[in-house]
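Have your viewer ready and follow along.

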Amino acid sequence: MSVETPYEYHKSKLGVKLKYLVSDVSKSHLDGLRLISYRALKKRMDSNTCSEKQLRRGSLGYEALVEFNSLSQEWRDRLSVKFGAPKPEATKSWFSQHYVTDKDAFDFYIAHRYGADNDKKLTPDTIERYVYNASVLNTVIKLKNNRKAYAKALGGVKINIWDSLSKDVNAFQDVKHNLPTTSGSLRHKVTRYQKEGYISLVSGKLKLKNAQKVKDKEQRAILDELVNKHTNLDNKMIADLYNMIVGKVEMDWEEITPTTVLNFKKERNLETFAGRNGKKALKNSLTMQRRRIAPTASMLYWTLDGWTVELLYQKRNDNNVITYHNRLTMVVVLDPFNKYPVGYSIGYNETPELIKAAMQNAINHTKELFGNFFKPYQLQSDNYAIKTLTPLYEACTPNFTPASVGNAKAKVVEPYFKYLNTKRCKLFDNWSGHNVDSGSKNQPNAEVMNLIKKNFPDEEGCRQQIRSIIEMERSVKREEYVKGWLKTKNEYRQLMSYESYLLTFGSKTNSNKLRGEGLRVTINGSYQFYECFDINFRKHALEDWTVHYNPENLEEAMAVSSDGTLRYMLEPAPFEHMALADRTEADDETGNRIQSYNRKLIKHISEERQDNAEIVEAFFGKHPELNDTVAKHLLTDSNGNHKIHKRRESDAVKSARKIEKKQELKEAKKEEQSFQTSQQEYYKSKVDVNKYLDE
């Protein structure tokens, strides 16, 4: 077996193959000396001050050479020691001297296409072999056409041209060709090559279309439908069904084999994939995916999902039997900026309530990180309970973008769960493995698990393990996440008001009425009193109010009317000490605040009454026909009095009363009450407010 040599002559000069000198793994020979990097050697060969010279550039069929005599003595000695001294240049054969690589053949085979859809290309190795074959055949044709010179080169003797050419072709191994070794086969190959050109060297399997048993569109349609069958028929069943059809129709169709079906499946994989595997699989496997880059700052994008945590815990069931296979579910709200778990919640199953708890935990955590409640600029979720949860999601972000149905790759949180399972959960003795339901071989030792199962934690212990995992993740990534917040532009920072927070996440009481003591509600079995120092709140004292509150912070709450159109922020009702000895400055401030509020309230009422009196007076001034009527005299003056004027009724008023009585009789017949009489009855029933204001 011949050993490859690093030496090669070119233009009568001895060269060393570059791959025996360079140290680059991708360019060096397995037995090379690895003396210098390719980049450094290239610079030295291009330099006018270095001795190393390039003898030949690398190209198709020819390796790059460095002139041997331009190398340093040390390098030449190391080559001679390892590979022996270079031999003097051997005289090339007549055939070798006339061989030239055919560049046109290379261009032809590069552009060649084949297959049913004419979309397949030749492999680089196949292209190289076909180019060498064409180049050697060109040399054979050249020597055959110049017989006299060829015979003279062989000693001027009488020759059998095809025998001689065959021997030369077999002896010529400067390039890797696979032409026939016998003279007859070589002659046939050359004849066909001269007639058909480069395409004659291409295998029939690599041409546009090989002979096919399934040709007509009807045949292809039938096979398509059989392959598309959702029951996933095997190749033999498809072939049998197809052949049954062939046997019953009078058409020139051939029967097929299971191998034909297999080849057809490969050819029609795109068109039949969804039928065999479903639309979701098609979307995740063959449709073009949108490659996404992680957010460049914190709070720009959140995503969430639920995960059955691979940690086991023991629990006593209703039959008083202890089970050890129990697992909890965790919903995680993740910021892909640095895979930071902003929020989480733990429960038994993924539910809308558990998702809401995770979102609330995330919003609460933003206050811990940034000093206030913030919501993400964008939020993405899957389509679980989408109708129920959409109001929640939309309240938590200005841009809610649910993932398209079945697009699992859109959720970056799922790879994060795999990371938690491998890097965090695996450290606990009660780790259940990788997807315990899948039967994966990468599971903990079942025998050992059975021995230590009594040491598994209970539910609360398991919850604590999960909390510790999240807290560990947060502690490692918190500093980077807070720095990422500094990169977030102001236009993308979404502050969540406390009113919005309570509407979205707050607990609610039953409906309550406003009393003098404020709103009295029951929270955790105890009375809580809330007040609002907004005068407008007292205007709606007859409303039914529901109080929204945060169980972890009862210092602020919100009253919401039954129809949701009225909302007022509340604070705990202030209390004062009764005993003078117990009173403090805070009591004085509270008392002063309440008195100030009440003065404003009374002032508001007085101003409203005074404004009304002025408006009514102006109204009667515009309508003289109402002069001397009872209604006019019963209306209060600017001081709020009307009884004094009533005692001073004149004869004109008495006359007016008679007129009013007649009018009353007429209106009674029509079963309607006059405007003046209704006003009179109304004001007679009223209490003089000024009596209380003057006190």
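Helices (H or I, at least four residues) and strands (E, at least two) are DSSP runs, numbered from the N terminus. With that naming, Asp-252 sits in the loop between α10 (235–248) and α11 (258–267). Before going further, note that this is a predicted model, in which local features need pLDDT of at least 70 and side-chain atom pairs count only at pLDDT 80 or more, while totals for chains, interfaces and linings use all residues. Residues are numbered from 1 along each chain as its sequence is written, and side-chain values use heavy atoms, with hydrogens and water left out.

**The sheet**

Two strands pair if DSSP finds at least two bridges between them. By that rule, six strands form an open sheet in the order β15-β18-β19-β20-β17-β16, with antiparallel pairing. Because β15 (507–508) and β16 stand at the edges with a single partner strand each, one side of each has no neighbour in the sheet.

Towards β20, Tyr-530 stands opposite Pro-572, and Glu-531 stands opposite Glu-571.

**Loops and accessibility**

The hairpin of β16 and β17 has two residues between the strands, and Asn-524 takes a positive phi there, near 55°. Lys-339 is not a glycine, yet Lys-339 has a positive phi of about 55°.

| Residue | Relative accessible area | Class |
|---|---|---|
| Asp-252 | 79% | exposed |
| Asn-524 | 70% | exposed |
| Lys-339 | 35% | partly exposed |

As for location, Lys-339 is found in the loop between β10 (329–335) and β11 (340–347).

**A negative patch**

Which residues form the negative surface patch? They are Asp-216, Glu-218, Asp-252 and Glu-254. Such patches are made of residues with over 30% relative accessible area and no salt bridge, like charges being joined within 9 Å. A salt bridge here is a side-chain nitrogen of Lys or Arg within 4 Å of a carboxyl oxygen of Asp or Glu. Asp and Glu count as negative, and the charge is placed at CG of Asp or CD of Glu.

Notes
Patch = residues over 30% accessible without salt bridge, like charges linked within 9 Å, V, L, I, M, F, W, Y side chains within 5 Å. Areas by Shrake-Rupley, 256 points an atom, 1.4 Å probe, with all protein chains shown as cover. Buried < 20%, exposed > 50% of the residue type's maximum accessible area, 1.4 Å probe, protein only.
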